[in-house]
Amino acid sequence: MKTIKTFALAAVLSATAFAGAEAHVSFLDREVPLDTTFLATLQVPHGCDGKATTEVRVKLPEGFVFAKPQPKAGWELEVIKGDYQKTYDNHGDKVKTGAVEIRWKNGNLSDDFYDTFVIQGKVSDVEAGSSLAFPVTQLCGDAVTAWDQVATAGGDAHELKSPAPLLKVVAGEDHGHDHDDMAGMSMPGMDATGKAGMDTTGKAGMDMSAMGAASPGGDTVRAGDLEVSGAFAKAMLPGQPVGGGFFTVKNNGKTDDRLVSVSSPVAGEVQIHEMATKDNVMRMRQLKDGVAIAAGGTLKLEPGNLHLMFQKVKTPFKQGDTVPVTLTFEKTGKVDLALQVLSAQGK
């Protein structure tokens, strides 16, 4: 009996120590291979002294490049761009600017729960064996907690009260995977090849290189005075819960109409978003009232501009598949449409 009690006490003490060690904001996987695209998953285990978390800000260190955050349902997203200290190679392109800070805003994560915040990126031109610190600011209404302390050389990070989340860089190799489509769409300013961005209700950034005429999609669908064409979606990464969709609507009538809502059996919710970039900050917001289509006018949903955002996608979109959606217009009514899934680059 004494042995059992001792074992039980040891288990309790071990669990308590583990809980204490994990009480701060940290990464789910704390080692990252050099020059390989990966998902940095930040864990927020609690609020601020019992208060719900309403905003999470993450500063990105030099060497963590081509960052693309994953939008979160119910949160706005800001991507702040700036200059890198070095120049990085992105598939032959010389990149000098990109995302330097990510902010998930206006959310509501109760102190009773934990959640994760994901950023896709790559560690480049950093010495293997070194660690990168990602200072995090956690806001809970008026309360602020900064996780920004970094141990000095030879110091013990476990002795810090508010340690910054760390990623240890290990030797790796780039497998050549072109993962430039987080959230079903490429995020702009992130890879800084002249690409702009967004914010969100879910806000984020997208690849502006795909701007221009809509990529070829499915057949043209006609309903009343409306003509819907060029419908497509982008292929997604495995496990990715958010995707993007695009199409063009031409109003041949003499009366204005409005795209009120969109639904799909493959997603928990489909939102209509618009993107804008101002002062190097990319913002995307949900258009809860839909979007108007003027008589004789054309509405384009395209990468880097207006677009559909599929939330809680059941199975990530694969190139060659089709995504069924139902468009609801104020006057025309419901219109069924199939989006062809193209590559992650929208080709």
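The model is predicted.

Leu 327 belongs to the largest nonpolar core, a set of 32 residues. Together with Phe 247 and Phe 310, Leu 327 touches the most other members. A separate core holds 31 residues. Its members include Phe 27, Leu 42, Val 58 and Ile 119.

## The disulfide

The structure has 1 disulfide. Cys 48 pairs with Cys 140, with 2.1 Å between the sulfur atoms. The link is right-handed, at 65° about the S-S bond. Distant parts of the chain are joined here, as the two cysteines lie 92 residues apart. Cys 48 sits in the loop between strand E3 (38-44) and strand E4 (55-59). Cys 140 is in strand E10 (residues 136-140). Both Cys 48 and Cys 140 are buried.

## A three-stranded sheet

An open sheet of 3 strands runs in the order E2-E12-E9, with mixed pairing. The edges are strand E2 (31-33) and strand E9 (131-133). Each has a single partner strand, so one side of each lacks a neighbour in the sheet. Neighbouring strands are turned by 35° against each other on average, direction ignored.

E9 and strand E12 (residues 166-170) run antiparallel, joined by 3 bridges. Ser 131 stands opposite Lys 168 in E12.

Key
Residues are numbered from 1 along each chain as its sequence is written. This is a predicted model: local features need pLDDT of at least 70, side-chain atom pairs count only at pLDDT 80 or more; totals for chains, interfaces and linings use all residues. Side-chain values use heavy atoms; hydrogens and water are left out. A disulfide is a pair of cysteine sulfur atoms within 2.5 Å. Helices (H or I, at least four residues) and strands (E, at least two) are DSSP runs, numbered from the N terminus. Buried means under 20% relative accessible area, exposed over 50%, partly exposed in between (1.4 Å probe, protein chains only). A nonpolar core is a set of buried Ala, Val, Leu, Ile, Met, Phe, Trp, Tyr and Cys residues joined through side-chain atoms within 4.5 Å. Two strands pair if DSSP finds at least two bridges between them. Axes are lines fitted to C-alpha atoms, for helices over the stretch in contact, and angles run from 0 to 180 degrees between N-to-C directions.
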